[in-house]
Amino acid sequence: MNIATQAAQIGLEWDTRTGAVTVPIYQTATFRHPGLGQSTGYDYSRSGNPTRQALEEGIARLEGGGRGFAYASGMAAIANLLLLFKQGDHLIVTEDLYGGTYRLFEKVFGQYGLTFTYVDTTDAAAVEAAIRPETRGLFVESLTNPLLKAADIGALAALCRERGILCIVDNTFLTPYLLRPFELGADITVYSATKYLAGHNDTVCGLVVVKDPALAERVYFHQNSVGAVLGPQDSWLAIRGMKTLSVRLDRQQENAQRLAEWLVKQPQITRVHYPGLPGHPGHDLLQRQARGFGAMIAFEVADPSLVEQLLLKTQLISFAESLGGVETLITFPEVQTHADIEPAIRARLGINNVLLRLSVGIEDAGDLIADLAQAFE
Ligand SMILES: *Cc1c(COP(=O)(O)O)cnc(C)c1O
């Protein structure tokens, strides 16, 4: 079935007793045993909860296979995956990485003897050059934050396979609706489902899908051992959000394309980063490898004073962190999402004091353009 159909139907088959169309919220910590040495399949909600399981099976179905895992946040999901590595292991990582992931790798896992090399993952040759004898993993963002650089997941996954390296794709910005990492050869996908998957700026959650059953068993062991699981209420909210993934993303992309085309024409704007624009370096790759270009736009204004003006004068568009929800948000990456990245690295990556980022929502595109226009005036 098409992913739009699969998404709409998540949880539908769950309650055979009443036929409830949505999966019930099993707000329980523990489960009664039918007899000594017997189990209903559920014992304790850290180990397994039916509402969470409906979400975990749902994301695996959208991914096109493998086993799904739900966590209390995207960061908890990524932290759980890093437990697959041990002291002395080396990972290659996308250089313009989500700031929180960079912080987790450098400030937390660095203390446990894992080492990381940050490279431009849009350049497969640069990734290959960074491989060392102790390299065990590649952690790549399919579309980066905030500059929207697109990595060739097919080429990177083939390289990983050849060299015996685990290929982990943070596919948060594209979702399985737009990019299908497993079909391109990746081993593991990870999502901040807080963003497009749940899609309503109302819950923080993380999802992982692991293709290989033996590897999935190890991830399950870590999920249950560490326990940063998603609760039943939030699992239900994530499912509810995911049901409308295709219609939201279709509309968000349509809006983003219109906004990007408007932004490039504004005299106060010097540069627009949107893969849907033909001049963008990721345009051709995504046209080949993905179903669309996503709905994130970064742009540079001509003068730093315009940053504060835009952040404060937009009325419909909210000045807030996060992305992927139905409401359009604007952020200033240098001081918000990417504040934990060293200034010299930020400067090299192009995250500067005139760069703003838009997460385009589902509102009317004309209203969004009018809001930006009045803020500029
Ligand atoms: C937000 C985000 C994360 C972290 O997820 P949380 O749900 O905020 O913990 C990781 N990767 C990317 C690309 C993100 O945008």
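User: Let's start with strand pairing. Which residue in β5 is the bridge partner of E141?

Analyst: Strands here are DSSP runs of E, at least two residues long, numbered from the N terminus. Two of them pair if DSSP finds at least two bridges between them. In this case, the partner of E141 in β5 is D170. Five bridges join β4 to β5 (residues 166-170), and the two run parallel. This is a predicted model, where local features need pLDDT of at least 70, side-chain atom pairs count only at pLDDT 80 or more, and totals for chains, interfaces and linings use all residues. Residues are numbered from 1 along each chain as its sequence is written, and side-chain values use heavy atoms, leaving out hydrogens and water.

User: Which strand do four bridges join to β4?

Analyst: That's β2 (residues 90-94), running parallel to β4.

User: Why is β4 described as largely enclosed?

Analyst: Buried means under 20% relative accessible area (1.4 Å probe, protein chains only). Six of the seven residues of β4 (residues 135-141) are buried, so the rest of the structure largely encloses this strand.

User: Back to D170: how far is its side chain from a nitrogen atom of the ligand?

Analyst: A polar contact is a pair of N or O atoms within 3.5 Å. Here, a ligand nitrogen is 2.8 Å from an N or O atom in the D170 side chain. A ligand oxygen likewise sits 2.8 Å from an N or O atom in the side chain of S192.

Methods: Buried < 20%, exposed > 50% of the residue type's maximum accessible area, 1.4 Å probe, protein only. Polar contact = N/O pair within 3.5 Å; in protein donor to acceptor, adjacent residues only side chain to side chain.
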